[in-house]
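Q: Please take a close look at one part of this model, side chain by side chain. Keep it brisk.

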Amino acid sequence: MAVHRITVPFIGPKASDILLWRNVKKSGVCFVGSVGAFSLLLFSGRSPIVLVLYALAILIATALFWHLGAGFLHKAGPPVPAFLTEGLSDDDFNKLVAKLRGPINTAAGIAGKVLSGSDAKLSAQVFAALLGAAWVLDNVNLLVLGLVATILAFALPKAYEIKKDDADKVLDMAATKVQEAYKKLDEVVLKKIPSKATKKTQ
C-alpha cells in the first residue's frame with residue numbers, strides 16, 4: 001500500500017520532518033530527549049517555574065565562566081545571536097511586524113467584540129472555551145499535559161500518514177457528527193442569544 005507523504009501544518013518543514021520521522025535517528029533523539037525532559041521535570045517534584053529559574057541561573061553562570069575562561073585561553077566566548085547584541089534591523093523588524101499584524105488584528109477584533117459585549121454569541125463561545133481550559137488546567141498537571149502532547153505529536157502525524165485513507169474516513173464521520181451537534185446547539189441555544197448583527201436588523 002502506497003504511503004501518502006504529508007506535512008504537519010502550522011510548523012516549518014524541518015520540524016515537520018522530525019515529527020514525521022523522516023530521519024529516524026534525529027527524530028528518535030528529539031523524542032527521547034523531550035520525553036526524558038518532561039519525565040525528569042514531572043518526577044522531580046519541583047514547580048516548573050522553580051526549575052526554569054534554576055536552569056536560567058545555570059545558563060548565566062555557564063556563560064560567565066565560559067567568557068572568563070575564553071579570555072585567559074584566547075578563545076572565542078559563548079555564541080550569542082546577533083540580534084541580542086546588535087538589535088533588530090529596520091528591515092527585520094518590519095518583516096516581523098508584517099507577519100504578526102494579521103494574527104494580532106484578528107485577536108484584537110475578537111477581544112474587542114468580547115469585551116464590548118456587542119456579540120453575545122461570540123462571548124458565550126469564548127466563555128465556554130475559557131471555562132473548559134480552566135477545568136483542564138485545574139485538574140491536569142501541566143507537565144503531564146506536556147508529556148502527553150509530546151508523545152501524541154510524535155505518534156499521530158506518522159500514524160495518520162501511514163493510514164491516511166482510513167483516517168480521513170473516520171475524521172469525515174467525526175466532523176459530520178460535530179457539525180450536526182453544533183447545528184443543534186446553534187438552533188436550540190446560540191441563535192436565541194442576540195448578537196450585534198441581529199440587533200441591527202431589528
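A: A patch joins residues with over 30% relative accessible area and no salt bridge: like charges within 9 Å, nonpolar side chains (Val, Leu, Ile, Met, Phe, Trp, Tyr) within 5 Å. Areas come from the Shrake-Rupley method with a 1.4 Å probe, and for residues only the protein chains shown count as cover. The model is predicted, so local features need pLDDT of at least 70 and side-chain atom pairs pLDDT 80 or more, while totals for chains, interfaces and linings use all residues. Numbering starts from 1 along each chain as its sequence is written, and side-chain values use heavy atoms, without hydrogens or water.

Val80, Phe83, Leu84, Leu88, Phe93, Leu96, Val97, Leu100 and Ile104 make a nonpolar surface patch of about 840 Å². Two elements give two or more residues to this patch: α4 (82-86) and α5 (90-116). Helices here are DSSP runs (H or I, at least four residues), numbered from the N terminus.

Valine 97 sits in α5. Its relative accessible area is 38%, so it is partly exposed (buried is under 20%, exposed over 50%, partly exposed in between).

Lysine 95 is partly exposed at 48%. Aspartate 91 is partly exposed at 45%.

Methods
A salt bridge is a side-chain nitrogen of Lys or Arg within 4 Å of a carboxyl oxygen of Asp or Glu. Buried means under 20% relative accessible area, exposed over 50%, partly exposed in between (1.4 Å probe, protein chains only).
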